[in-house]
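Let's walk through this model together, starting with the overall fold and then moving on to a few local details. Keep the viewer open as you read.

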Amino acid sequence: MYKAPITDIAFALEKVAGLGPAMEQGLLGELTPDLLHAVLEEAGRFAGERVAPLAMTGDREGAAVQDGVVTTPKGWRELYADWSASGWNALTGSEVFGGQGLPTALSAAVFEMWNSASMGFAIGPTLTVGAVEALEAHGSPELQNRYLPKLVSGEWMGTMNLTEPQAGSDLSALKARAERAADGTYRIFGTKIYITYGEQDFTDNIVHLVLARLPDAPAGVKGISLFLVPKFLPEADGSPGRRNDVFCSALEHKLGIHGSPTCTMIYGDGFVAGEEAGAVGWLIGEENRGLACMFTMMNNARLLVGIQGVGVAEAAFQQALSYAGERRQGRATRLVPDGGTSGQMSPIVEHPDVARMLLTMKALTGAARAICYACGHATDMARALGDDPAEAKAWKERANLLTPVAKAFSTDIGVEVASLGIQVHGGMGYVEETGAARLLRDARIAPIYEGTNGIQAIDLVMRKLGQSGGAAIEAYLAELTQTADAVAARNEPDFGATGAALAAALGDLREAAAFMNRCVEEGDTETALAGATSFLRLFGLVAGGVYLAKAALAEPMQPERVALARFMAENLLTETTGLARRVVAGAASLNAARSLLEMDAR
């Protein structure tokens, strides 16, 4: 059973991401170390005692739909009611609307626990938190006052409606349409697919954020507007009124996260008989500027999807470690140095290859956790230092730089670690009884939704590396280098070759970043895109390795953190040289071989 790693989470927040110094300076509002630890302890208890026990039920039963009515797995509705009543949905919401105003980084840590316990359950609240951010940033005062108190509390849930059958990552192909109504509202028509928790039985209303086009909108992404479309139109007192013309026509049958209803949503199809045609919606922000509003929600969601990778990885590691300590096979040479055959079989954790897999799982999980928390902390600091434009800009650019890495690297390692977890279990990992297979099935969606990881790599290379003429990435690399230099300066035997390994990996990252920047500046987009995914992996490994070293340096120095940082540096960072080579020299062979795909297609 999952047990939240409170010590590791708190340490990563305070000592690595930077919440400790920020709290000392009073930059995080009323957050203190005591409050931070209290929140983490209570969240860990709720995740382990309430959410985790229903994960298997959710996977086996799944969500079901009949006549547009969705039923979630047994116990999930009651779980959500208790979860929201405990205030968890309101953690980061504005205090003006009933929220607690706590930092994004702390929210990320808490969402890690929800996802370790049940990824299918946690993805619903993830989107509600994103809807709150979008409304807080772009909604009119009227919309904020009407919807935010109930969204912040969790009494109502929010969704994100982007994808259509013909428009996935390419939002310029959206066809959903919006028509202006005489009363200042809009009527929405169209079909949206892959809508997470688009219909559910948790709440008595659902607030959909929907992208659509007006009749006179410009072509492409510049002609997209964002609308708020509730399932029920609220009465004057805020209670749900008449049903809006929006319904769920089907649920997807998925590889994983079975408890999460993934809906096909129909807007304006006359589902509500006798009413004016079209789903009633309200404009968020300005006409034809909807994509900028939606990106507020998407950036939040991308960080929290990255946290899904961390959460699943942590759960997979815990389960594999427990199994490896109990399962006995062979006799480990560590325990029988002379190779003797007497005595009992050894726990498989004593075998070198199993230990290698478990330490890889632990190191990658810790690296991804630190990246995600650092990303959340950068967002918090940009807000906290809003009175200092230069500082706020620097922190905003840091958040921009880390967001695609947090999303893509963390979800990739979620899959990688969950797969290793199955390998540790051996045959028992391949059957459903242990639950190891469920974790891999759940994890596999995270590199796809909220912008595929290939899209994140493109975003990193084409948009984020060039911020402030390259000054943002240079400042970040300088910060990482300070940590690497500090490790080398310690000159302690327990660190082994960690300092040299970090320096070499940072050299690889610098070379690759400079190459990518040159490609973008010279307009050589094809070469940049060919190496983008390798570059993001390189970036994540180096940043994660340095963050583990930063944890190892924190006083009082802890031997287990030193050992993990050394393992990461001497074993996993050896990949960076190959990745850098692939970034710099891989495009030519890729382009030369692309003709093979055309031949195979024929």
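This is a predicted model: local features need pLDDT of at least 70, side-chain atom pairs count only at pLDDT 80 or more; totals for chains, interfaces and linings use all residues.

Residues are numbered from 1 along each chain as its sequence is written, and side-chain values use heavy atoms, with hydrogens and water left out.

Let's begin with the chain as a whole. Its secondary structure comes to 20 helices and 12 strands; helices (H or I, at least four residues) and strands (E, at least two) are DSSP runs, numbered from the N terminus. The radius of gyration is 25 Å, close to the 25 Å that the globule rule gives for 602 residues, so the chain is as compact as a globular protein of that length. Here the radius is taken over C-alpha atoms, and the rule is 2.2 Å times the number of residues to the power 0.38. Along its principal axes, the C-alpha trace spans about 85 × 65 × 60 Å.

Of the 602 residues, 57% count as buried. Contact means heavy atoms within 4.5 Å, and among contacts between residues at least 6 apart in sequence, 74% join residues at least 24 apart. The chain exposes about 24,400 Å², with carbon and sulfur atoms supplying 52% of that area; such areas come from the Shrake-Rupley method with a 1.4 Å probe, and for residues only the protein chains shown count as cover. As for charge, there are 50 positive and 70 negative side chains, and the centres of the two sets lie 4 Å apart. Lys and Arg count as positive and Asp and Glu as negative, with His and the chain ends not counted; each charge is placed at NZ of Lys, CZ of Arg, CG of Asp or CD of Glu.

Now turn to strand β5, residues 186-196. Of its 11 residues, 8 are buried, so β5 is largely enclosed by the rest of the structure. Which strands pair with it? Two strands pair if DSSP finds at least two bridges between them. With β4, β5 runs antiparallel over 4 bridges, and R180 stands opposite Y186 in β5. These two strands form a hairpin with 5 residues between them, and G184 in the turn has a positive phi of about 90°. Strand β12 (residues 279-284) also pairs with β5 in the antiparallel sense, over 3 bridges, with R187 opposite V280. A further antiparallel pairing, of 5 bridges, joins β5 to β11, where T191 has I266 as its bridge partner.

In β11 (residues 262-267) you will find T264, which is buried at a relative accessible area of 13%. Leaving aside neighbours within four places in sequence, T264 is in contact with T191, K192, I193, F247, C248, S249, A250 and E252.

For contrast, look at G168, in the loop between β3 (157-161) and β4 (177-180). This glycine is partly exposed, with a relative accessible area of 41%. Its C-alpha atom is separated by 20 Å from that of E199, 31 residues away along the chain.

Finally, some backbone geometry. Most residues other than glycine have a negative phi, and most peptide bonds are trans. I257, in the loop between β10 (246-251) and β11, has a positive phi near 35° and counts as buried at 6% relative accessibility. N491 also has a positive phi, of about 50°, and is found in the loop between α15 (471-490) and α16 (498-521). Is N491 buried or exposed? With a relative accessible area of 68%, N491 is exposed. The last stop is a cis peptide bond between E555 and P556, with omega about -5°; P556 belongs to the loop between α18 (532-553) and α19 (559-572).

How values were computed. Buried means under 20% relative accessible area, exposed over 50%, partly exposed in between (1.4 Å probe, protein chains only).
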